[in-house]
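Biologist: Thanks for sitting down with me over this one. Shall we go through it together?

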Amino acid sequence: MEPTINYSEKIPNNVNLADDRALQRALERWQPEFRDWWRDMGPDGSANYDVYLRTAVSVEPQGWAQFDYVRMPDYRWGIFLNPVPAGATIGFGEHKGQPVWQDVPGEHRANLRRIIVTQGDTEPASVEQQRHLGLTCPSLYDLRNLFQVNVEEGRHLWAMVYLLHRYFGRDGREEADALLTRRSGDADNPRILGAFNEKTPDWLSLFMFTYFTDRDGKFQLAALAESGFEPLARTTKFMLTEEAHHMFVGESGVSRVIQRTCDVMKEHRTDDSSQVRAQGAIDLETIQRYLNFHYSVTIDLFGADQSSNAATFYTAGLKGRFDESKRNDDHVLKGRSYPVQSVIDGAFAERDVPMLNALNEVLRDDFIRDSIGGVGRWNKVIEKAGVPFRLSVPHKAFHRKIGTLSQVRVSPDGRVVSDAAWNTSVDQWLPSAGDRAFVASLMGRVVEPGRFAGWIAPPAVGVNRQPVNFEYVRFN
Amino acid sequence: MAAAAPSADYALQHLIDPEVCIRCNTCESTCPIGAITHDSRNYVVDFSTCNGCNACVPPCPTGAIDHWHQVRKAAPYTLDDQLSWDALPAPAALDVEAADDVPEDVRRLTEIATAGQGGAASAPSSAAHPYVNLYSQQKPAIATVAGNHRLTAPDASADIRHIVLDFGNTAFPVLEGQTLGILPPGLDENGRPHYVRLYSVASPRDGERPQHNNVALTIKRVTADHDGKPVQGAGSNYLCDLAVGDEVKVVGPYGASYLMPNHAGSSLMMICTGTGSAPMRAMTERRRRRRALNEGGELLLFFGARVAEELPYFGPLMKLPKDFIDINFAFSRAPGAPKVYVQDRIRARADKVAQMLQDDDCYIYVCGLKGMEAGVLDAFREVCCAHGLDWDALKPQLLAKSRLHIETY
């Protein structure tokens, strides 16, 4: 296994693809289907754009970032696995301490395939959701960031498809084909997970999505990066570094919107949302409602709070917890319990349940802790501007559609409310049609180098040490 | 101001900007030696563990980890310091050595080099603050050769090299126009250690590549002395023979007056021959990197060599936009062509040169072989004459206003 990626091959890879002719042929048959999918469902109208994109030339840190202009249909998607750690053993579950597996354990084949297909399905889904956003980009810098995220999601799809082809035989190949036929939001053939069938109608939604929903990706990938099935662990480890960039796009994007809004508020000495809107900025209350929406939709992605499947995957050594090796316990968890929120007689109560059954909740709580950190950093921007407003994440039970907490209506501040009360207040808690129409009205295409739309501040630095006014995308 | 110890140890400390960092953990998981840790607030780099391998820098999605602050080795920022920050502290100013501490041989060489000025020179008022004499012969800085590129064609009569020195974690702040000293190893023909050789740096103050802490030199292998007798220059041959990875002892930096202005609208007239182009390259590259800031000011360059193939950086110079820099080459041995020297080019551009001589925002730099001095000063005199100016009155004014800098060898 060489760390350097061979770009002279049709499918760049560091898995010695050329030594497995059957696999290579199968993937080379899938490759044109992928390109067709990109042509049809990739970023709208972008086929001729030269975009200043990052590619990896090796999986070593120094080979991580090679920047150059490329037409996205020519982007060299490939298969990159992190290097092999010597003598790796399974870190948790009933096989703890044993050597990692290079093949799929037969009894878990179907389950593992489902995990990989579900993860893989989210990648093209987000590209489909975001495909029209280029038409309303607030700057060339942001347009490049959008395209970087899109091509990397394409690469993540390749990562999952490689595993399906290599380890799951004909079923795997069929699933790989099906990944290209489902369509986000399609009534007949939708994507698998709810969040990935929602529309991403504007750039604030995009930033919230990449901040929160890609972060779900981070935690799912981190849990899979612990897997005893080593090819999966090495694949997802590499994907995590790309995911970090997506979360940066989201965190810095929202931060810059907030910065611009606060600048407007100070300049015009107002905290009145209609006056802020009149100046072409997005008021903080609307930002909070967008936050509420994307946060709640995302925490549903972690699955049912009590799940025997989660217990099975953990015990089998397939999917660990986030930062498994840093946790101070026996990594088998048979005797451990975990507090889970539920609603009893209209009030919240915490019950202790076996931790093995609550592993989705464990991961959800890790996610919540992580995402609160960024919200805190957004609040620093607001605080620095001298504005008394503070953003917050809503209660865990707010606006849920999965798990036991979906059975009640809960306000963002954690009160159980009646259906009638919910209907009266929902427009204060979630983006209303009017909110979305207002944000949509701000979306106009800005493509002069160095110029930024009036609702978002420029970033502090450019990409790859280029200046902020660099020509990040060339239209031809 | 407290005087610093004569050979204080400085280093570059690797720091993460907490205002930009998104706490994604990529750096911590990438670091091969566990130098990065975190608590619930910040990610921090342990000064005593970090070896500057830079593995964490490319994968960082925000660039927050791409910060290097100059600190005293004995007093870096602790982990507790870093964990408490909400923002990076402003880079601390280092104590500057008093000029009297500059070694005798460096002072002697500098006097010879600047004799052509005919008077003391001072730095332009908007020049950046130079650090001088941070490293001495007793405690030199150690740099590693990161590159040794031959600039002239293999069959050219001159072997001129572009040598890149990487200072790693050692702080070696050096400005355009300053020099550093190289100590060639071994003994001279009298059995004594070689005296220091001074070379003007060819990189702008942020190095060949910002945040990489390196400096380039332009070195010509000396195979004959001023009278044409064969001799092997100890310094130049040592440097030209270096391989990538070799370690080099470096002293300095030196030079507190041959510095460029930094205020918007300031112009540069640069006159050089051969390897005297090093400070001009440094200044030009500084300006080129700042072009997008639209600070104004012009660049006028007179550059002499025997032939184009022996003119260092000829290729890169040709790629610079004409509206960025006005280049006038002078080739003294171009086959089939008359001998042209920089003073001829100066005379040919008399109008432009006269205009810039009278512009208080224009600063003039001369660097190259001693032999060029007389011709350049004569050319200035003639240009002044043709435009009704008095060179003998003008020259002291130029010196008083820090507008004329001459360093030849």
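Modeller: Happy to! One definition before we start: a residue is buried if 20 or more other C-beta atoms lie within 10 Å of its own, with C-beta atoms placed from the backbone. Keep in mind, too, that this is a predicted model.

Biologist: With that cut-off, how many of the residues of strand β1 of chain B are buried?

Modeller: Strand β1 of chain B covers residues 10-15. Tyr10(B), Leu12(B) and His14(B) point one way, Ala11(B), Gln13(B) and Leu15(B) point the other way, and all are buried. The strand is therefore largely enclosed by the rest of the structure, and the count is six of the six.

Biologist: Why do those side chains divide between two directions?

Modeller: It follows from strand geometry, because in a regular strand the side chains alternate between the two faces of the sheet. Here, one set is Tyr10(B), Leu12(B) and His14(B), and the other is Ala11(B), Gln13(B) and Leu15(B).

Biologist: In β4(B), which residue is the bridge partner of Leu15(B)?

Modeller: β1(B) pairs with strand β4 of chain B, residues 67-72, in the antiparallel sense. Six bridges make up that pairing. For Leu15(B), the partner in β4(B) is His67(B).

Biologist: On to chain A: what arc do the buried residues of helix α9 cover around the axis?

Modeller: Helix α9 of chain A spans residues 308-315, with Ala310(A), Ala311(A), Phe313(A) and Tyr314(A) buried. These residues lie on the same side of α9(A), because the arc they cover is only 165°.

Biologist: Which helices are among what covers the buried residues of α9(A)?

Modeller: Chain A has 12 helices and seven strands. The cover over the buried residues of α9(A) includes two of its helices, α2 (109-130) and α10 (359-384).

Biologist: What radius of gyration does chain A have?

Modeller: A compact globule of 476 residues would have a value near 23 Å. Chain A agrees with that expectation, so the answer is 23 Å.

How values were computed. Residues numbered from 1 in each chain as written. Chains lettered and ligands numbered in written order. Predicted model: local features only at pLDDT ≥ 70, side-chain atom pairs only at ≥ 80, totals over all residues. Helix = DSSP H or I, 4+ residues; strand = E, 2+ residues; numbered from the N terminus. Rg over C-alpha atoms; globule rule 2.2 N^0.38 Å. Buried ≥ 20, exposed ≤ 12 C-beta atoms within 10 Å, placed from the backbone. Pairing = 2+ DSSP bridges. Arc of directions from axis to C-beta. Contact = placed C-beta atoms within 7 Å.
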